[in-house]
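Here's a quick briefing on a protein–DNA model, written with someone who likes contacts and distances in mind. Have a look at the structure first, then we'll walk through it by topic.

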2 protein chains.
Amino acid sequence: MISTQEQRQLIIHHPMFSHFTEKALEELLADAQPRDYPAQALIQRQGDPAERFYLVQSGKVKLFRISADGKEKVVEIIPAGRTFAEAVMFMQRSVFPVCAEALEPVRLIGFSNRLMLRHLEQNPQTCLHLLGHMSVRLHQRLDELETLTLQNATQRLALYLVSQVRDRGAESAEIELALPKSLIAARLSIKPETFSRAIANLRDRGLIDSRARVISIPSIQNLLDEFAEGQTPGPDYKAGVIATDKP
Amino acid sequence: MISTQEQRQLIIHHPMFSHFTEKALEELLADAQPRDYPAQALIQRQGDPAERFYLVQSGKVKLFRISADGKEKVVEIIPAGRTFAEAVMFMQRSVFPVCAEALEPVRLIGFSNRLMLRHLEQNPQTCLHLLGHMSVRLHQRLDELETLTLQNATQRLALYLVSQVRDRGAESAEIELALPKSLIAARLSIKPETFSRAIANLRDRGLIDSRARVISIPSIQNLLDEFAEGQTPGPDYKAGVIATDKP
DNA sequence: CGGCACATTGAAGCGGCTCAACATCAGTGG
DNA sequence: CCACTGATGTTGAGCCGCTTCAATGTGCCG
């Protein structure tokens, strides 16, 4: 059960719930479970049965996969205000596909999958919103797949830095790393040592300037030009083969 | 406009359309565009505006990304009977995130995104089906992400071989590669040479037996044990940190 | 049979990893 | 206030896996 006004506001204004009727909302809220986790707590384990999805009220959550030999792959860092594990509820066998860990003290609000599904059946608007949301996620995974296979460590770092720039379209920028470098390294699937060397590499070449956690980029364009991002191929790519119009 | 009975049957029985009313279906069918492509034809380019999604009537379609320096990453191979680019219609800026190429002579049926969205607004059942579909896709991408970062080339190949086994749960199996080895290599993000060496590696160790395009696996379990798949960590993983129940 | 695409095998190179030492900084307690 | 400590970040050296380049082998269709 949700108690505080702060929680109500957070939920009500979240796009996931904004199309619901008053009644449906009340039902979901009545069933919602707030829960606190200390830093480093394991919130869920991959393979656990999933009966709820979560909204992060405060703190940051790390989603990751872990392989049999103990190596982990950081999939995503969920900041406050965002939901996670919402895609799981649409699968037949509902188990968490990833582990979740609290990076800092975290407060979550858990919603019942069963209840949510029941309301979705009568609310195409929210379904469409969710579809949009999941399309974006799918697209992001695609970007990451490409980045991982087509770009080397330094390029991945450069793209990450650019993605952290708040002011889109600015010429230059100064950013402060929101996470420990070792975590960013994990997010980029590189080792901390390699991360450090990549930073040094960019610094030596004058593309960035780094002082501790603050990194300034004299020219964002230069950084991007150097490591051309996954853009559409030139217009002359494999030109010539055209489709026939009708079967 | 759809003409042949064969096409109608294919469409009507596809889960994407199975919940639609007769009337909605007729509207979609009236607008559907069949189209043929010769082998190697470029069907769509990443960045192209997307106004339709496609059902593959016959042939195979390769979805891939291409980077500025020409390296390509094969994202997926779509066989006959499946749709692609259906996730794009839910995004604001509707452009194809990948290139598509006909691996063989291909016949596609294209459906209007606009029309489909309009019908989805009145059909939560299909929305939910689509959500389920996209959850699975999201999950698959996750698997691939993990496989790419956590497993080496030989392990990836082993997992691929196992995934190609038709008879789930059988002790041993014999499979015939449905695609040229160089394409499978690309799908696994390894070079053909490495693919070849990986096959040789498994053969030398008695885990598989390969004669040209036919590969037999004496014991599927052995193959999996060797390269323990991304399974849930042992029950003792980071035990101890428990959540407090209430805020 | 020739020709060509596909596949295999060898040798060398390179990028990122591992291991190890050292630096830096924050927090702690004397 | 400073010495101690542990976490985090940096730097160096060597190694390993995959790629690259190049040569050779194999199968298919003219």
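Predicted model: local features only at pLDDT ≥ 70, side-chain atom pairs only at ≥ 80, totals over all residues.

Which polar backbone atom lies 3.2 Å from a phosphate oxygen of DNA strand C? That one belongs to B:S182.

**Around DNA strand C**

- There are 15 residues surrounding DNA strand C, and the closest are A:N152, A:A153, A:T194, B:K181 and B:S196.
- A:T194 gets in with its side chain: one of its polar atoms sits 2.6 Å from a phosphate oxygen of DNA strand C.
- B:S196 also uses a polar side-chain atom, this time 3.0 Å from a sugar or linking oxygen of DNA strand C.
- If you count the atoms of DNA strand C within 4 Å of the protein, 61% belong to sugar or phosphate and the rest to bases.
- On the protein side, at least two residues each come from α7 of chain A and from α6 (181–187) and α7 of chain B.
- Sorted by class, the surface near DNA strand C holds seven charged, five polar and three nonpolar residues.

**Around DNA strand D**

- DNA strand D has 15 residues around it, with A:K181, A:R197, B:N152, B:A153 and B:T194 as the closest.
- B:R197 places a polar side-chain atom 3.0 Å from a base oxygen of DNA strand D.
- The elements giving two or more residues to the surface near DNA strand D are α6 (181–187) and α7 (192–204) of chain A, plus α7 (192–204) of chain B.
- Of the DNA strand D atoms within 4 Å of the protein, 59% belong to sugar or phosphate, and the rest are base atoms.

**How chain A is put together**

- Chain A splits into domain 1 (5–147) and domain 2 (151–242).
- Taken over C-alpha atoms, the centres of domain 1 and domain 2 of chain A are 29 Å apart.
- Where they touch, domain 1 of chain A puts in eleven residues and domain 2 of chain A puts in ten.
- Between them, domain 1 and domain 2 of chain A bury about 840 Å², with 56% of that on carbon and sulfur atoms.

- An unreviewed UniProt entry puts the feature "domain: Cyclic nucleotide-binding" at residues 16–93 of chain A.
- In this model, residues 16–93 of chain A are 13% helix and 38% strand, and the end C-alpha atoms are 23 Å apart.
- The feature "domain: HTH crp-type" is placed by UniProt, again in an unreviewed entry, at residues 151–221 of chain A.
- For residues 151–221 of chain A, the figures are 46% helix and 15% strand, with 18 Å between the end C-alpha atoms.

Key
Residues numbered from 1 in each chain as written. Chains lettered and ligands numbered in written order. Heavy atoms only, no water. UniProt positions renumbered as here; feature names shortened; annotations may be inferred. Helix = DSSP H or I, 4+ residues; strand = E, 2+ residues; numbered from the N terminus. Near = heavy atom within 4 Å. Polar contact = N/O pair within 3.5 Å; in protein donor to acceptor, adjacent residues only side chain to side chain. Nonpolar A, V, L, I, M, F, W, Y, C, P; charged D, E, K, R; others polar. Domains from an automatic or database assignment. Contact = heavy atoms within 4.5 Å. Buried area = accessible area lost by both parts, 1.4 Å probe.
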